[in-house]
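Subject: Structure for your review

Dear colleague,

Please find below the structure that I am handing over to you. My notes on it follow, and I would ask you to read them with the model open.

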Amino acid sequence: MITFENVSKQFTGSEGTFTAVKDVSFEVQKGDIYGVIGFSGAGKSTLIRTVNLLEEPSSGKVYVNGRDMMTLSADELRKERKKIGMVFQHFNLCESKTVFENVAIPLRLSKTSKKDIQPRVKELLQFVGLGDKSDHYPDQLSGGQKQRVGIARALATSPEILLCDEATSALDPDTTQSILDLLKRVNREFNITILIITHEMQVIRDICDYVTVMENGEMIESGSVFDLFSRPKAKTTRNFVNAVMQDQLPASVINMIHKEGKSNRLYRILFEGDEAGQPVLSQVSKQYHLDFNILHGQITELQDQPFGNLIVEFIGEENNIQQAVEHIGNRLTVSEVNINERD
Amino acid sequence: MREIDWSVFWVDVWEATLETLVMTGFSLIFASLLGIPLGIALVVTREGNLFENKIVFQVLNVVVNIVRSVPFIVLMVAIIPFTRLIVGTSIGTTAAMVPLVIFAAPFIARLVESSLLEVDPGVVEAAKSMGATPWQIIFRFLVPEALSSLVLNLTIATIGLVGASAMAGAVGGGGLGDLAISYGYQRFHSDVMLVTVILLIVLVQLVQMSGNRLSKALRRR
């Protein structure tokens, strides 16, 4: 649906050349929600703008639906842009127009007849939950409501692709969640492919299928959200994952362990997919006559699959612990945790 | 110094007021017809804008600055040949409108420019992402978003024109300025001077008040 092929973008200013995006290649499949995460200045905003050529790549190619965007005439480019909706961090609504008129603009630009505009805008406002705000002006709305108008506007021309540029970054956590739910509905109900850039790992965790991590203009890691969360490789990726999936022992627990002078072994166990439903701990506890103590953990859902991460202390005979760990290792991912060494 | 016959004089005042209104009104219309497109051009030919064109921008920029640096009273005299060419005479209300338009158009262009530059660039980006043509971006996004501020700025221009039209009176342009100079100053009737000044004050207040109201109505809240 969207293919980035060795995309680079340089900006030349008075202080020399700055490379915002460096040799980025990945593909977004039809129907997916694809996330690009990175800190501010990582080049992700520039990257998403190359899709509808709000930024022209300095080198490399961007294909949308197999068409090389750079080869299009100005008129063809405008036609393609109508098939690509875009939602912005600061909403970018027309303050002088009502909610209705804001959503109607793309239709008016395409010379849609008046009698078709009315029902279409009504339908879109219903969909985003603003059916009663039709005659309001943007400054009468909350941030979340403004973004809903932004989404309705982006959907007006029934695009195949929705680009979200930090769509939730200006919103509070509750509102973020409701906008994410809305984006998920957009994806499911209309089968619209979504490319979303963000610096919030929550966004990736809650709605994305695939993710690319960017740093200093480069892709540092890419894959399914499940893989990235369960086995992050790069340090930046681990930091992002830790932001929403605390997999380090909190200091208070470490202090407690040190105080008690315990030398028992700690293990990190990852529960993924179907195996997450198995009573593994209680099985090994019975079989190997061990006690276990869950020190820390979190269970969440990634791409509609359960995913858990527990740090467990086993108490019992050394030999039995070894066997128990081997037993668990056959089905789940388990690794020893050394509390004296932190990364 | 003779006493003024007020019953006759009020008719003169009424005529002078009408002349001022006509001069200001028509000058405003013609100056806007020149100045608004010029102001839009100053924005869209800028670096990184819709119709980026360094040469056009620089030429317009310099021309606007040159005209704006000439004081109105000098401009009025300096372009007398041009005024004659356009309206066939250099004296009277119609003749005064030529320098008024030349004076106000670049001023309006600058005011329009500043109003349009206030528009959130994000709105333009959103417009582009919708596949709007450059003309659609100007007339369906930039201008409507700037409208409230444009009205306030045009109010400033109108008041500038009221002042300039009074100056035009000094060279036989008619209007309240003419009345004030010829009766109030040259014939030492300070009461006439007072009447014209009060009328000018009232006129300016009315213009500003209507401008504020209209601008507020356009901002809708």
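Two strands count as paired if DSSP finds at least two bridges between them. Please bear in mind that this is a predicted model.

In chain A, strand β1 (residues 2-13) and strand β2 (residues 16-28) run antiparallel and are joined by 9 bridges. Within this pair, Val7(A) lies opposite Val24(A) of β2(A).

Which residues of α4(A) are buried? They are Ile117(A), Val121(A), Leu124(A), Leu125(A) and Phe127(A). Because these residues cover an arc of only 150° around the axis, they lie on the same side of α4(A). An α-helix has 3.6 residues a turn, so residues three or four places apart point the same way. The buried residues of α4(A) pack against α3 (99-109), α5 (143-155) and α6 (173-190) of chain A. On the face turned away from the buried side, α4(A) carries the exposed residues Lys115(A) and Gln126(A). After α4(A) comes Gly129(A), with a positive phi near 80°.

For chain B, an unreviewed UniProt entry annotates several stretches as "transmembrane region", including residues 55-80 and 86-109. Residues 55-80 of chain B are 88% helix and 0% strand, with end C-alpha atoms 30 Å apart. For residues 86-109 of chain B, the values are 79% helix, 0% strand and 22 Å between the end C-alpha atoms.

Yours sincerely

Note on methods
Residues are numbered from 1 along each chain as its sequence is written. Chains are lettered from A and ligands numbered from 1 in the order in which they are written. This is a predicted model: local features need pLDDT of at least 70, side-chain atom pairs count only at pLDDT 80 or more; totals for chains, interfaces and linings use all residues. Side-chain values use heavy atoms; hydrogens and water are left out. Helices (H or I, at least four residues) and strands (E, at least two) are DSSP runs, numbered from the N terminus. UniProt positions are given in the numbering used here, feature names are shortened, and annotations may be inferred rather than shown by experiment. Buried means under 20% relative accessible area, exposed over 50%, partly exposed in between (1.4 Å probe, protein chains only). The arc is that of the directions from the helix axis to the C-beta atoms. Contact means heavy atoms within 4.5 Å.
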